[in-house]
Amino acid sequence: MKSILRKIKIFFTKKKKKEEDVQGIKATKYGMINNFIYSIRLSWKYCRLFIISMIACSITAAVYPLISVYIPKIVLELVARKASAQMMIQVLLCVGIFMFLVGYAQQRFRIVGEYGFDKIQYKLMGNYLNKVFHTDFKNMENPDFLDLTERARRATYYGQGFHGYCMRMTDTLQSFLSAVLAGIPVLLIHPLLALALCVVSYIRYRIFNGTMQKEKVAFTDAMAGNWRKHNYLAQSTRDFSYAKDIRLFGMEKWIRHLWDDLNAVFFKASRRTHNQWTLSEVRMSTMRFVQNGLLYGILVFMVLKRGMSIPDFVLYIGLVRTFSESTADLFSTLIFTNMNKLQMDDFRTFMDWIEEEPDLEKEEGTITDIDLKQYEFTFENVSFRYPGHEKYVLKNLNIKIDAGMKLAVVGVNGAGKTTLTKLLMRLYEPTEGRILLNGIDIKKYDRSTYYQLFSPVFQNVEVFACPVWENVSLKERERTDMDFVMKSLENSGMEEKIQTYKEGVETQLLRIFDAQGIDLSGGERQRLAMARALYRRRNVIVLDEPTAALDALAEDRMYQEFNKMVEGKTSIFISHRLSSTRFCDRIILFEDGQVAEEGTHEQLMEQAGKYARMYQVQAQYYRKGGAADV
């Protein structure tokens with residue numbers, strides 16, 4: 001409970017920044033043309049039908065409104081020639097059929113294109129998730145990187161980012177074709193009219209685009225952290241693991257207060273953005289008034305002074321309006337395309353994020369096959385501090401973990417025990433010094449291959465909303481050895497519990513997807529984690545407070561069983577309960593990031609130092625409780 005409250009408090013009580021002061025990780029500016037080529041290349045790679053259908057859709061969408069423009073002229077000329085009713089019906093019927101076919105083709109091409117983009121979006125989201133899964137572990141604790149991750153995720157939404165960019169480019173092509181088809185007759189009647197309309201449309205574009213750019217920086221980017229906190233808070237309130245604490249500790253008002261604070265920041269930024277858009281709309285409305293006045297003034301002049309016929313007047317009214325709207329739509333579409341381009345910049349910046357590359361000149365990351373008979377680790381002058389912090393968590397460690405050794409690491413909270421295992425498993429790299437595996441710097445091993453050496457069990461056990469067997473193997477059914485799943489559950493002490501379930505190992509855990517799902521107690525979760533580690537069958541076992549949720553007797557039984565299972569394997573145990581470390585070959589007591597004492601349980605007890613005092617303090621509580629002597 002304390003850890004939950006501490007995490008939430010830290011998350012929401014950081015020094016608040018003004019939206020304009022929020023910088024974070026700035027996106028790389030790739031440019032409109034560069035992003036266009038990038039989107040076309042990926043679209044063509046993932047679904048060529050999308051490109052073809054969108055081009056066809058643009059052409060038909062540009063032709064369709066022009067047919068409507070020419071219909072009044074056709075009707076008026078038929079009336080002027082006193083054409084028969086039969087001819088008028090035949091002409092209008094042909095025009096109507098043609099419009100229907102063009103309109104149907106347009107909608108069909110658009111639907112096919114959207115279906116094609118679903119395939120593209122599936123691939124893009126896969127690429128995004130792959131990047132999230134494989135980014136450096138330290139990035140997942142960097143708020144600026146997490147904000148970039150949130151911005152990149154939003155760029156995968158329907159209508160935004162990549163999808164918006166592709167669709168806007170389609171609309172751009174449509175507007176351009178419409179402007180060309182309608183603009184050629186306008187140029188012939190009065191070139192200055194076409195030029196003036198283009199100038200006015202461009203001014204409107206500049207006004208709109210300037211407002212959009214301000215919104216992206218001052219609102220969308222500035223709110224990325226706010227939205228991430230919104231998501232975190234919303235997820236926590238509907239997470240079953242938080243539900244008991246929220247109710248029993250009466251956290252509703254406090255959480256609502258945090259929620260209101262987030263909304264206050266959002267509404268303040270939103271109000272400022274709305275004011276900017278209101279001013280922008282006033283300016284654009286003024287330009288539209290100027291544009292319409294210019295349009296009708298010149299056409300009236302052409303009728304009165306140049307003898308333009310009424311059918312031609314009606315036609316040119318439609319053509320000029322189409323040209324005006326098309327140019328305005330073209331610039332407007334470019335604005336939204338630019339907005340989507342900025343979102344694509346976020347996506348590409350995230351996807352192009354440079355991870356820590358191994359130094360090939362030092363032969364880092366070159367060993368991809370780790371097939372050793374024994375695993376011996378050596379820490380040489382290892383010091384570490386977390387990114388962005390000045391204080392060292394570990395200082396000048398020199399530790400040797402012999403092959404097959406069972407090493408216990410003990411100490412108070414914050415002494416650096418868990419950090420030691422993170423460095424051992426290469427979730428972090430040492431700030432100073434190096435770690436060796438059988439005399440070879442672990443940086444020379446491929447990171448992904450190196451990860452495969454370990455079977456870890458952490459204090460906080462994550463249970464997934466899937467069947468029991470899948471929570472153990474973490475693999476698809478065809479890649480799962482069901483017999484060994486049962487063996488692992490048996491060895492971890494979970495078999496008896498599983499047998500009480502009607503569906504056995506097929507029982508769904510949690511009630512997120514299945515109303516009949518089963519939740520596990522803290523101790524059962526840790527036994528499940530043990531089974532997961534056993535199923536992994538790796539040569540190095542790391543146990544970080546794996547029995548914190550068990551009572552002393554259950555913990556003692558589990559460690560006895562686990563002591564047999566890890567026989568011959570290199571094992572590292574982290575524990576606050578010193579009674580559980582007695583079966584280990586060696587014990588290290590950490591204090592303030594350094595080794596304070598080291599030896600076997602008997603040796604440390606004989607020294608009568610800090611370890612012995614901690615052991616005796618814990619032992620008296622067991623005696624008072626009536627438990628067996630530790």
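**Surface patch, helix packing and a salt bridge**

In this predicted model, a nonpolar patch on the surface is formed by Ile55, Ile59, Leu173, Phe176, Val180, Ile184 and Leu188, which together have about 640 Å² of accessible area (Shrake-Rupley method with a 1.4 Å probe, only the protein chains shown counting as cover for residues). Patches of this kind are made of residues with over 30% relative accessible area and no salt bridge, nonpolar side chains (Val, Leu, Ile, Met, Phe, Trp, Tyr) being joined within 5 Å. Two or more residues are given to the patch by helix H3 (48–80) and by helix H6 (161–189), where helices are DSSP runs (H or I) of at least four residues, numbered from the N terminus. Helix H6 gives the most, with 5 residues, and Val180 has its place in this helix.

Residues are numbered from 1 along each chain as its sequence is written. The model being predicted, local features need pLDDT of at least 70 and side-chain atom pairs count only at pLDDT 80 or more, while totals for chains, interfaces and linings use all residues; side-chain values use heavy atoms, with hydrogens and water left out.

Helix H3 also packs against helix H11 (residues 310–351). The axes of H3 and H11 come within 8 Å and cross at roughly 175° (axes being lines fitted to C-alpha atoms over the stretch in contact, with angles from 0 to 180 degrees between N-to-C directions), and the two helices are therefore roughly antiparallel to each other (over 145 degrees). The contact (heavy atoms within 4.5 Å) involves Leu66, Val69, Tyr70, Pro72, Lys73, Leu76 and Glu77 of H3, together with Ile310, Pro311, Asp312, Val314, Leu315, Gly318, Leu319 and Thr322 of H11. By class, 10 of these residues are nonpolar, 2 polar and 3 charged (Ala, Val, Leu, Ile, Met, Phe, Trp, Tyr, Cys and Pro counting as nonpolar, Asp, Glu, Lys and Arg as charged, and the others, Gly among them, as polar).

The axes of helix H2 (residues 32–46) and H11 come within 10 Å and cross at roughly 70°, which makes H2 roughly perpendicular to H11 (65 to 115 degrees). Residues of this contact include Tyr38 of H2 and Phe347 of H11, and the contact divides into 5 nonpolar, 5 polar and 3 charged residues.

The structure holds 16 salt bridges (a side-chain nitrogen of Lys or Arg within 4 Å of a carboxyl oxygen of Asp or Glu). One of them pairs Asp171 with Arg110, the closest N and O atoms being 3.8 Å apart, and links distant parts of the chain, with Asp171 in helix H6 and Arg110 in helix H4 (residues 85–134), 61 residues apart.

Technical notes
Angles under 35 degrees count as roughly parallel, over 145 as roughly antiparallel, 65 to 115 as roughly perpendicular and the rest as oblique. Patches are made of residues with over 30% relative accessible area and no salt bridge: like charges are joined within 9 Å, nonpolar side chains (Val, Leu, Ile, Met, Phe, Trp, Tyr) within 5 Å.
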